[in-house]
Amino acid sequence: MKFKFITLLLVIFITSGTMELFSQNPPCKPSYQGLTFEYLKPSVYPPLYTDMPYEVMIGYIAMDSICKNMILDSVDKFLKQQTFNDTIKYLKKVMYEMNDYNPILFDVSQFNHDTNYKIFGTDLVEYVKKSIHRTQSVDTKFDYNIISAAYIVHIKVTYTNLIYNNLAKLAKNQIIVTGKILDLIKGHYIPNCKYTGPSPIKRDEENKSLKKLPTTLNLIDSCIQFIYCLEWTRGKNYEEPFCTKHMVDENGLPLIKQDTEYIVFLRPILICETTSNYYYSLRPLDPYSEVYTMYPIIDGLVIDPGNDFGFGRGLSVEEFKNKLKSRINMILNF
């Protein structure tokens, strides 16, 4: 009887499906020249949909309830009392599933400006992530990027093009990467790829590492797009002023190459918002990684110089993905 009552409540609060549109220059930031996608703001919070897995629904209901009824100090105190226990393991599982179901919805829901909220969603999620990171055992300390990533995708890069933004303070050279999805490991809501060129190019048009998109682009269904900037730094010392590892190779060419396969870990970045829409982009996850969590596959081997997941170096793509999927299975079935 109790289960039927909960189910009825869920049905009552179910909202209509999400809507994803496209953007070049978002109206809330018309000077922004990079890749952006548009996402319609949920009309009801918590945002519940008919195709949501049960655990995802519970996650949104719990997040909404905590934000409305608790203060951040109480949440912080509770989380600091946790060890690597079932509570933390369950938080890992739910956070993974919420991201996996729809990474964009999970991200934009944290920016809900409900006046009844005592805690911002962004703060709550950040505190939970820190608690997960703090409590990990030796065997699971590498799970943080798996949990934090919105998308984990095996791709083959089909196009790269560069947008030069002279309005940016530092990262003026933005590379837009378009890739064919070979294996979607995490993140089952993908914004449709879009035509992004022609664009103002700063570098030599003959630079073979950059390729402008054709005038008409036949965008495949299994496609994903994201950005990175040549000026970004990477590796363990990326925040230090002497860090010289930028997003270029030893020849000074952009790090991501066309016609090359990668396993990429991505996250959404909010660019701006209007009263009805969020405008966001996708970018790689972790600057601490030697390859910024964009792992090249060369001669069938995954290049992971920092051994970011403890899987070992020099693994074949199948070995790497099997170990990765095994870790995900352990997170979901603790």
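A salt bridge is taken here as a side-chain nitrogen of Lys or Arg within 4 Å of a carboxyl oxygen of Asp or Glu, and a search of the whole structure on that basis finds 10 salt bridges. The model is a predicted one, in which local features need pLDDT of at least 70 and side-chain atom pairs count only at pLDDT 80 or more, whereas totals for chains, interfaces and linings use all residues. Residues are numbered from 1 along each chain as its sequence is written, and side-chain values use heavy atoms, with hydrogens and water left out.

| Pair | Distance |
|---|---|
| Lys92 and Asp143 | 3.0 Å |
| Lys93 and Glu97 | 3.2 Å |
| Lys245 and Glu290 | 2.4 Å |

Helices (H or I, at least four residues) and strands (E, at least two) are DSSP runs, numbered from the N terminus. Lys92 forms a salt bridge with Asp143; because Lys92 lies in helix H4 and Asp143 in the loop between H6 and H7, the pair ties together parts that are 51 residues apart in sequence. Both Lys92 and Asp143 are buried, where buried means under 20% relative accessible area, exposed over 50% and partly exposed in between (1.4 Å probe, protein chains only). Lys92 and Asp143 also belong, with Arg327, to a network of salt bridges.

Lys93 and Glu97 both lie in helix H4, four residues apart, about one turn of the helix, and each of the two is buried.

Turning to the open spaces, a pocket is an open set of points on a 1 Å grid over the protein atoms alone, where a 1.4 Å probe fits, with protein on both sides within 12 Å along at least five of seven lines, and lining residues have an atom within 4 Å of a point. Grid points are joined across faces, edges and corners, and a volume is the space filled by probe spheres set on the points.

The largest pocket holds about 900 Å³ of space and is lined by 31 residues, with Tyr144 and Asp286 among those nearest its centre. Helix H6 gives the most to this lining, with five residues.

The second largest pocket holds about 430 Å³ and has 19 lining residues, Ala62 and Leu91 being among those nearest its centre. Here the largest share, six residues, comes from H4.
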